[in-house]
Amino acid sequence: MATLPVRNLGQLGIVKDIASADLPPNAFTAGTNVRFENGKVIRAPIWRRVKDLVGENPAFCYGVSGTGGFDRVLYATDDGRVFVYTSGMDEDISPTDHTPIVSTEPFTASMLGEVVYFNRRSACPMAMTPGAIRFSTLPNWDASWRALSLRSYRDFMVAINVTKGATEFPQMVKWSDLALAGQVPGSWDANDNTNSAGENIIADLTAPLVDGGQLRDSFIIYSTDQTYLMQFVGGTFVMEFRKLFGDAGIINANCWVEVDGKHYVFGSKDIYVHDGTSKKSIAANRVRDFVYSTMNVRQANRCFVAHNPNLFEIYFCYVSGGPDTYFEDPTRCNKAAVYNYSNDTWTFADLPNVASITTANIDNVLTYSTADARTYHDVGGSYYDQEDSYQM
């Protein structure tokens, strides 16, 4: 049998939506846990256990960089408690007045002026100022208010899809007064003309707002099927709003990332990228049909997006019932469509029931005491890896 060489083997990645007979020889029709790099096909990074979180079930995590030593990883549980993991230890840092409420609604997290904010609609937002040892319920925020998402923009905090008492405002965007470094906003009162706080109901939305995030000097607001842009203009109105896209939104909170001045978005019907002016599908005629046909739409509230800057990859994570799924009957995401924005290729990765992904430097150096319960299969790496314990 003749051996036929194939040039540029890793050029096109995986293309699931086009019949194999119509693809060039260097396009792959299937593949999991592989990467395409420098014209080659290589094994993707493996999962490594950092710590067994005994008795806890993390539902969300957020990495916070430190000025020295290792970073902190903040993680929340289904009942709304928040823990910090650092230097091999974890500790409950929930507000002292926190009432555990079990919910499947997504968390959002942001940082502004060194203050960390956590939010979920089932409870008041919480904040942790520099030097604090635990979170506190967000000061100056009405205790009867709730928001689906809480994000930072310039010197403001922005609440999206707001509920005031028993009244829901699913099209409302509410922003705080200007926040000073190291402090939470002093006011959220939109009726007080002495500060910059305000709110706006986007009346022509056809679906509730879901999330938003800063893009360069603007703030992008997403519903499930539309996208708006909010811009700081100062003066009486403070913020200006205009529609960007009437045919594209977002599938869930935490389903966008900003990379190189663009938002990569996991939409309800497509995966796309935009620069605040125009958008382009990055999944059409490649993996879009496969992703949405195998997705468990009933569990779309588990979807999230994560950025791996070291590998130039973006993970679009979802619950899959596809034929090539390894982790079956999940309660979290078990599949990721992985886009490499450096070489414009797609691949797929199995996720072991993953709720969230963050980037942080953590200490992975093993000692005889910490390695006691490990196996070679769990550990991976090499002895030399232990000399550089700053691992992402």
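Cys-61 is located in strand β3, which spans residues 58-64. The structure is a predicted model. Because its relative accessibility is 16%, under the 20% limit, Cys-61 is classed as buried. Apart from residues up to four places away in sequence, Cys-61 touches Val-73, Leu-74 and Tyr-75, together with Ser-356, Ile-357 and Thr-358. Val-84, 23 residues from Cys-61 in sequence, has its C-alpha 9.4 Å from that of Cys-61.

Strand β3 also contributes to the second largest pocket, giving five residues to the lining, the most of any element. At least two lining residues each are likewise supplied by β7 (108-112), β11 (145-153), β15 (209-215), β19 (256-259) and β23 (304-308). The volume of this pocket is about 940 Å³. Its lining comprises 41 residues, and those nearest the centre are Tyr-62, Arg-151, Asn-254, Trp-256 and Val-305. Grouped by class, the lining of the second largest pocket holds 20 nonpolar, 14 polar and seven charged residues.

In soluble globular proteins, nonpolar side chains tend to be buried together. The largest nonpolar core of the model consists of 40 residues, within which Tyr-264, Phe-266, Val-291, Phe-316, Tyr-318 and Trp-346 have the most contacts. With neighbours within four places in sequence left aside, Val-291 contacts Phe-266, Tyr-318, Ala-337 and Phe-348. Another core, of 17 residues, lies apart from the largest one and includes Leu-112, Val-115, Met-157 and Ala-159.

Key. Residues are numbered from 1 along each chain as its sequence is written. This is a predicted model: local features need pLDDT of at least 70, side-chain atom pairs count only at pLDDT 80 or more; totals for chains, interfaces and linings use all residues. Side-chain values use heavy atoms; hydrogens and water are left out. Helices (H or I, at least four residues) and strands (E, at least two) are DSSP runs, numbered from the N terminus. Buried means under 20% relative accessible area, exposed over 50%, partly exposed in between (1.4 Å probe, protein chains only). Contact means heavy atoms within 4.5 Å. A nonpolar core is a set of buried Ala, Val, Leu, Ile, Met, Phe, Trp, Tyr and Cys residues joined through side-chain atoms within 4.5 Å. On a 1 Å grid over the protein atoms alone, a cavity is a set of points where a 1.4 Å probe fits but cannot get out, and a pocket is an open set with protein on both sides within 12 Å along at least five of seven lines; lining residues have an atom within 4 Å of a point. Grid points are joined across faces, edges and corners, and a volume is the space filled by probe spheres set on the points. Ala, Val, Leu, Ile, Met, Phe, Trp, Tyr, Cys and Pro count as nonpolar, Asp, Glu, Lys and Arg as charged, and the others, Gly among them, as polar.
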